[in-house]
Amino acid sequence: MKQFLTEWRKYLAEEKNNSIKEIKAESVYDAGVSIGEALGKQTVEAAKLAKVDKLIKQFPDWMKEGKKLSKQITPNAYDLALGVGKGAGLTEEQVFALWYEELVYADQKDKSKLKDTGCTDVVIKSGDNVIIGHTNDFTPGDNSRLFKIQIKDKPTLYMVFTMGCPSIGLNSHGMVFSGNQIDANDTRSGIPRMMLYMEGVFSKNIEQAKKLFFHKDRASSFNNIVADEKGFIKTLEASATAKKEINHKEDSIEAHSNHFVWLKDKEGREDKSYTDSVKRLERAYEDAEKKGHDMNVDDMKEILSSHGEGGLCRHSKDKSGTATIFSVIFLPKERKFYYGHGYPCKTEYFEVKY
């Protein structure tokens, strides 16, 4: 009986996470408060794991500069983060430090000890067939949640939050925002990449988002993959001081994981964290090229569910390991996506139109 109850609670938790939580608010800040309340203790747990109180004391100049610039350049993102912190029970300093990933990188002097968490994207563009597959990896047991966020006078957003931070997004302008964590050797104080990303999700078009992701005062960058309902796709790989824009051509297969592909001299990862990312990238290309340009959603599910050497579906019960906690398949031209909580090989994806 005890085992049955344990399994039943686990099932209910999975069902809750593999659904959409709808948020309606008068302001961006109020939306953030509702998100923070819905996420519960996970945001506080994430702040403890990131040791934000230590980072705040260790990098006071970075915090001061980052907050000042973020309030000016990314007001929506800043207000949303403050709201998330309020809803979860964190101070303004704590939630800002949580969203300031560059602090963790700057604190880790031995880059060979960087943990291999991250994600992988596979992008197919062939005529009307435009499809983007994304896996999101984190520490086993960490939670993600999909939200539909409706804010007065703002585009409707679909966002996944993982441990109190934004992961992927879409909006009612027909925009898709995916991408990958990359750690650069020129990271500096400035606007946190997470703030730039979150502000970008409010964008009306690719060019508007690009200006944010390439902002001259960025602390570093994600590798941002941005698409619209017309089927245009850009990959925007950048560090703090360098940038590269890739326009996806017709009949192209592209992939990206968690290391620099086009700006290799900016690579900040070392050893296992780097080599595991390389293996995933190689596997993503290998499997995508076997499926070809005409692949469908089921084909992409297979790619995201791959195991073995460089597999994109990563399993681990060990807290020191890495596991795939959710995956998404975007169909930008059809304005819909498929979301699956947990391992891609086991999840039941469900369709969402936006």
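Q: Leaving aside neighbours within four places in sequence, what is F337 in contact with?

A: F337 is in contact with L146, Y158, L170, V328, I329, F330, F350, E351, V352 and Y354. Contact here means heavy atoms within 4.5 Å.

Q: And what should I keep in mind about the source?

A: This is a predicted model, where local features need pLDDT of at least 70 and side-chain atom pairs count only at pLDDT 80 or more, while totals for chains, interfaces and linings use all residues. Residues are numbered from 1 along each chain as its sequence is written, and side-chain values use heavy atoms, with hydrogens and water left out.

Q: Ok, which residues touch the most other members in the largest nonpolar core?

A: I35, W99, I149, F161, M198 and F337 do, out of 77 residues in that core. A nonpolar core is a set of buried Ala, Val, Leu, Ile, Met, Phe, Trp, Tyr and Cys residues joined through side-chain atoms within 4.5 Å. Buried means under 20% relative accessible area, exposed means over 50%, and partly exposed is in between, using a 1.4 Å probe and protein chains only. Apart from that core lies another one of 18 residues, including I253, V297, I303 and Y338.

Q: M198 sits in helix 9, so which residues of that helix are buried?

A: R193, M194, M195, L196, Y197, M198, E199 and G200 are buried. Helix 9 spans residues 193–200 and is mostly covered, with eight of its eight residues buried. For the numbering, helices (H or I, at least four residues) and strands (E, at least two) are DSSP runs, counted from the N terminus.

Q: How many bridges join strand 2 to strand 3?

A: Eight bridges join strand 2 (residues 119–126) to strand 3 (residues 129–138), and the two run antiparallel. To pick one of the partners, D121 is bridged to H134 in strand 3.

Q: Now helix pairs. At what angle do the axes of helix 2 and helix 6 cross?

A: The axes of helix 2 (residues 28–39) and helix 6 (residues 75–88) cross at roughly 40° and come within 6 Å. That makes helix 2 oblique to helix 6; angles under 35 degrees count as roughly parallel, over 145 as roughly antiparallel, 65 to 115 as roughly perpendicular and the rest as oblique.

Q: Which residues meet there?

A: On the helix 2 side they are V28, Y29, A31, G32, V33, I35, G36 and E37, and they meet N76, D79, L80, L82, G83, V84, K86, G87 and A88 in helix 6.

Q: What about helix 6 and helix 7, where do their axes cross in angle terms?

A: Helix 6 and helix 7 (residues 92–99) have axes that cross at roughly 120° and come within 9 Å. A77, Y78, L80, A81, L82 and G85 of helix 6 make the contact with E92, V95, F96 and W99 of helix 7.

Q: Last one: how far apart in space are N180 and N223?

A: N180 and N223 are 5.1 Å apart, C-alpha to C-alpha, and 43 residues apart in sequence. N180 is in strand 7 (residues 175–180) and counts as buried at 1% relative accessibility.

Notes:
Pairing = 2+ DSSP bridges. Axes fitted to C-alpha atoms, helices over the stretch in contact; angles between N-to-C directions.
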